[in-house]
Amino acid sequence: MIISIASGKGGTGKTTVATNLAQVLGNRVQLLDCDVEEPNAHLFLQPTFTQSEPVTTPIPLIDETKCTFCRKCADFCEFNALAVVGKQVLVFAELCHSCGGCMLVCPEGAITETSRELGTLNVGNAGEVAFVNGRLRVGEAMSPPLIKRVRAAADPDRITLIDAPPGTSCPVIAAMHETDFVLLVTEPTPFGLHDLKLAVEAVKLLGIPAGLVVNRADIGDNAVFQYAEEEELPLLLTIPFDRQIAEAYSRGRMMVDALPEWRHQFIELFAKIEQIVKVNKEAACVN
Amino acid sequence: MRELVIISGKGGTGKTSLTAALASLAVNTVLCDADVDAADLHLLMQPEIRQHHDFMGGKSARINPDLCTGCDTCRTLCRFDAISERLVVDPIRCEGCGVCVHFCPAGAIEFPVQRCGEWYVSDTRFGTMVHARLGIAEENSGKLVSLIRKEARQLAEEHGHDLILTDGPPGIGCPVIAAIGGATALLIITEPTVSGVHDMERVLDLAAHFNVPGMVCINKFDLNPAMTETIENIAQKRNVAVLGKIPFDPVFTHAMVAGKTLLEYGEETPTHEVVREIWNKIITSPSMHSYGIVDLKATIQ
């Protein structure tokens, strides 16, 4: 089972929910931190990394002794990653999506591929929890290919938890696509509600069952709860604003360790998710 | 023309609330919400939309089953696994590269330009605002960010405004890179948590990489005073000014629920004063006066 934890808005407590859920599930679980721009889960789970490798993506390499400067490659490229200036072909590597099209259209066979580093993939263990994250190189714009590499490291024998990046565009979609459940985390404020609505639209588009965690449940107004009811989005857990939780978080401590009374709440949260996924799969079989 | 871009690395640190508060202190500015993926500034600004434009982004492949001969060329060539065995394009996986379109021997693949979102020019009680909404699951957020920043700049030039205040996106990836290139300075909001510090360092590295001067402001500083000190030390080492420390104050949430900026909401608290001080430090800061011009304060306050 693959559960992604998403939120629309940043800072609502995605990583808190993902890491605490992982901690209570122990050796049954693997956490993939797909927020490759700002990975944070390792700050809480403090894994020991056993493996770390660069993640690269292919980019074109022009052999100017063969090139006739016909511009077919530059004309073909939808991303403006190639330009022909006089007797020179410029490759704007950061714009390249690695589709390989330029190599295929070159009539002279003057294009081969070299690779460019996007970031690193790190694999390890945090106690019993299997842990993987990706770390985007600073200055690098292309996060989805790195997210896909983190996703590809999923262990099919374990429950997979995905800590998704914020937002509703391509990086989040890469993290949520083809998962069994999306756990949405929000806070009851106008910003939280607005961004939750966008995240719900994304989840609907992907056709994945979803449930809600409301964090800092007493700081704002009731609109989030009303919305969840109208949308029939099951409210699976509420976490109050509690200075003890906030301070534990600030020091990088997990809720279930600092305040052990929360352990059973997270175990129950998982049981509810498991139930929804099961019912949903049965419904899919009937249809 | 100067542009201050407010970013944070980590989401939820109070970027938008602070941008709004600064907007209510500034005069003669254009506001720009560059967090196109989860734009929230409009919730506090209640903009009256004056212009409404479609944002046309990349293309997306579509196989016409009537023309398709089932040769499988497209599926073999696609590097994004976007074409299923039944030869249907998954629009979520399709990157719009056009390889399948070009090499389809039957000419069976259409390649229409996608409408990826909308952007607006609006009136607010604090002046003109340029903002946008990226469609769900769409790409090209960096392109949309660049577009609205260009529009904001053009409007500011046309109307003789001296400053653009831009609410930036979270992270360090494509949209953030598009949001900071060519900016006068960055205001980096952080919070005293291990993740706040981690993300601030990543964003400071990014600022250095693109050569844009940064200033730091610590929100909810009293949540962990020791971590606040760590942030101050990092800032000092990197030669970045800490403009101010804002306490954890529920007044930000109350103002947000009321649809107001901090400075418009409720009675004066010490937090109001801290925000005013931060604004004063911004407009008198050397990084906003890279050519030695120091009349910014006179023109925008």
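The centres of domain 1 and domain 2 of chain A, taken over C-alpha atoms, are 40 Å apart. Domain 1 covers 2–54 + 118–285, and domain 2 covers 64–109; those bounds come from an automatic or database domain assignment.

A word on conventions. This is a predicted model, where local features need pLDDT of at least 70 and side-chain atom pairs count only at pLDDT 80 or more, while totals for chains, interfaces and linings use all residues. Residues are numbered from 1 along each chain as its sequence is written, chains are lettered from A and ligands numbered from 1 in the order in which they are written, and side-chain values use heavy atoms, with hydrogens and water left out.

The C-alpha trace of chain A spans about 70 × 40 × 40 Å along its principal axes. Chain A has 287 residues, and 59% of them are buried, meaning under 20% relative accessible area with a 1.4 Å probe, protein chains only. Take contacts, that is, heavy atoms within 4.5 Å. Of those in chain A between residues at least 6 apart in sequence, 73% join residues at least 24 apart.

What does Glu38(A) touch, leaving aside residues up to four places away in sequence? The list is Gly9(B), Lys10(B), Gly171(B), Ile172(B), Asp199(B), Arg202(B) and Val203(B).

Key
Buried < 20%, exposed > 50% of the residue type's maximum accessible area, 1.4 Å probe, protein only.
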